[in-house]
Amino acid sequence: MKTNNLILQTATKVLVFIILLFSVYMFFAGHYEPGGGFIGGLMASGAIVLLLIAYDIKTVRKILPFNFIKVTATGLLFSAGTSAGALFFDKPLLTHWFTYVHPPLLGKMSLHTAVLFDTGVFLVVVGVTMTIIQTIGESE
Amino acid sequence: MNSLITLPLLIPFFTAIILIFFAKNIPVQRWIATIGSVLTIIAAISLATTVYTNGIQTMNLSNWEAPFGITLVSDMLSALLVVTTSLIAFVCLLYSFKSIGKEREKYYYYPVFFFLILGVNGAFTTGDIFNMFVFFEVMLMASYVLLVLGGMKIQLRETIKYLLVNVISSALFVIAVGYLYSIVGTLNMAHISVRLHELGQSGIVTVIAVLFLIVFGIKGAIFPLYFWLPGSYYAPPAPVMALFGALLTKVGVYSITRTYTLFFTQDVGYTHELLEILSIITIVIGVIGAIAYSDVKKIIIYNIIVAVGVILFGVATLTTEALTGSIFYLIHDMIIKAALFLLIGIMIKIAGSSNLKDMGGLIHRYPGLAWTYFIAALTLGGIPPLSGFMGKVLIVRSGFEAGNYWGAGIVLLSSLFVLFSVMKIFINGFWGEAREYSQKEKQPVKWLLTAPVILTICAVLYGLGTEAIYPIISTAAETLSNPEIYIKAVLKE
């Protein structure tokens, strides 16, 4: 029997973007406030899981045609690359670097290589969570 | 800034990451894996030579001074173990190419393989107790996957046991680190050592020492915590079994050695005597198992337990000579256990069964295999010119010097039984009339045989070159028996 998911699907279309925005906010808040790559990644995958519940695996795969195992690997590459990058500047592993910039409108801003490391964490968390959910969901 | 210390960690890590991208392309995977493995060996060897000429190498990660950040410390012991690990990894990799099978290769065998090497090398190199826990987990996660990969019934069953035991022991590890942290307020291993020695002898430190012994004893399979090992190591295919047998328990042994020489040296009368008694019972249990079975895998698996007991008996004696013997024996045992597992892997492939009753007369058609096995077996038993000899001599001699006649006697006697157990395989498996096996024509074992032959040659050279290697090993033992050297190198006082 085919059920009518109209309310769920319509609500999802709005909610997914709010959740994704919140996850991005959480991700960037990490340095000064609670948040960071891990919770941001979990929330982003939460948004995708909501899509999975409202639609089905095939639709979501069409919307997000990623191989999530490779997303995980890319994330690892980001994190490992930022930590190993310090070696090229004759600094110990995992040494980070930051600077202040003054872009128009936004005011004083710090750019920090730790963000790149956290991007890696974000991608790994999204990749791992989605791989787990998709694999379990697809297995008969 | 000397970044050499990070390379044995970074190279396997990056190799593993890159391998994930090429998961379905087997030839590319093999090439990348080989290159990564060779680079790891080169990095490890140059690290070891640097440590030998310039003393202990340290790196404060993120540029934080020693007790506040994570420190990577490579003293002679850990550098030697990293070299041995890289060598064994390379050899097991060569063996995997022809034996692991396309299906496993397609499902991320090589990436996981390199994550295991990363975990093991990291656990040997770290100077931070919680970081050691993290590397333990990296290693264990990879080992869960390697154990279950393939999805045969026996693998599934044994993985559940293995997983359960290791999750519990990891939880205990966290609890033990928590207790230790609440007493000394630091996680850096050198700093913990300083604080514990300021604290002097107190009851709670002894309790934590025993807790650490339980944690690492589960990982390293000492009596009475060895119960999971015979089943779990029976399940995976030969190259994985060789990796596990050579590396995983030895990380537990290394951790016991590190903590019992660096941290817990105040109440030696209690903690080290306990370790001594347990190690002797471990030897007895291992020997009983090795003699009892007529299954080649089980025999070698119980020989791991014997070796763990012998090494820890040397550690418990806690003299420089005994520690030298332990390190000698530890490295010898890693190499030769890997070789033996790979050799019996070939035997099982030929005979189609791991039971000795189904084998016989292999020497007629596979003389190379037979003689390699013979040399490896003699090496394991500790026949003088070969590598098992020197370590055991030092352990036994310092045992007698310390007045522990029973313990040293049992170590000495265990050699005989170990030799008996491996010779039983040789006599029943290789001698006798040539038999017909399920595969009629001669199996192509040339490629498979290169891997254990490399290891056996290393073991033989290790034994013949004892004179040359002795100063290196005694440097390692010097650091273990004088924690001040380690502490000075890390905290730079």
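**Stop 1: helix α20 of chain B**

Select B:Thr466, B:Ile469, B:Ile473, B:Ala476, B:Ala477, B:Thr479 and B:Leu480: in α20(B) these are buried (under 20% relative accessible area, with a 1.4 Å probe and protein chains only). This is a predicted model: local features need pLDDT of at least 70, side-chain atom pairs count only at pLDDT 80 or more, and totals for chains, interfaces and linings use all residues. Residues are numbered from 1 along each chain as its sequence is written, chains are lettered from A and ligands numbered from 1 in the order in which they are written, and side-chain values use heavy atoms, with hydrogens and water left out.

Now show all of α20(B), residues 466-481. Its 16 residues reach 21 Å from first C-alpha to last, close to the 22 Å expected at 1.5 Å a residue.

**Stop 2: α5 against α11**

Keep α11(B) and select α5(B), residues 109-125. The two axes, lines fitted to C-alpha atoms over the stretch in contact, come within 10 Å and cross at roughly 20°. That makes α5(B) roughly parallel to α11(B) (angles under 35 degrees). Pick out the contact (heavy atoms within 4.5 Å): B:Phe113 and B:Ile117 are among the α5(B) residues, B:Leu247 and B:Val251 among those of α11(B).

**Stop 3: B:Gly36**

Go to α2 of chain B, residues 26-54, and select B:Gly36. At 4% relative accessibility, B:Gly36 counts as buried. Leaving aside neighbours within four places in sequence, B:Gly36 is in contact with B:Ile11, B:Thr15 and B:Phe114. Finish with a distance: B:Gly36 and B:Ile11 lie 6.4 Å apart, C-alpha to C-alpha, and 25 residues apart in sequence.

Technical notes. Helix = DSSP H or I, 4+ residues; strand = E, 2+ residues; numbered from the N terminus. Buried < 20%, exposed > 50% of the residue type's maximum accessible area, 1.4 Å probe, protein only. Expected span 1.5 Å × (residues − 1). Axes fitted to C-alpha atoms, helices over the stretch in contact; angles between N-to-C directions. Parallel < 35°, antiparallel > 145°, perpendicular 65-115°, else oblique.
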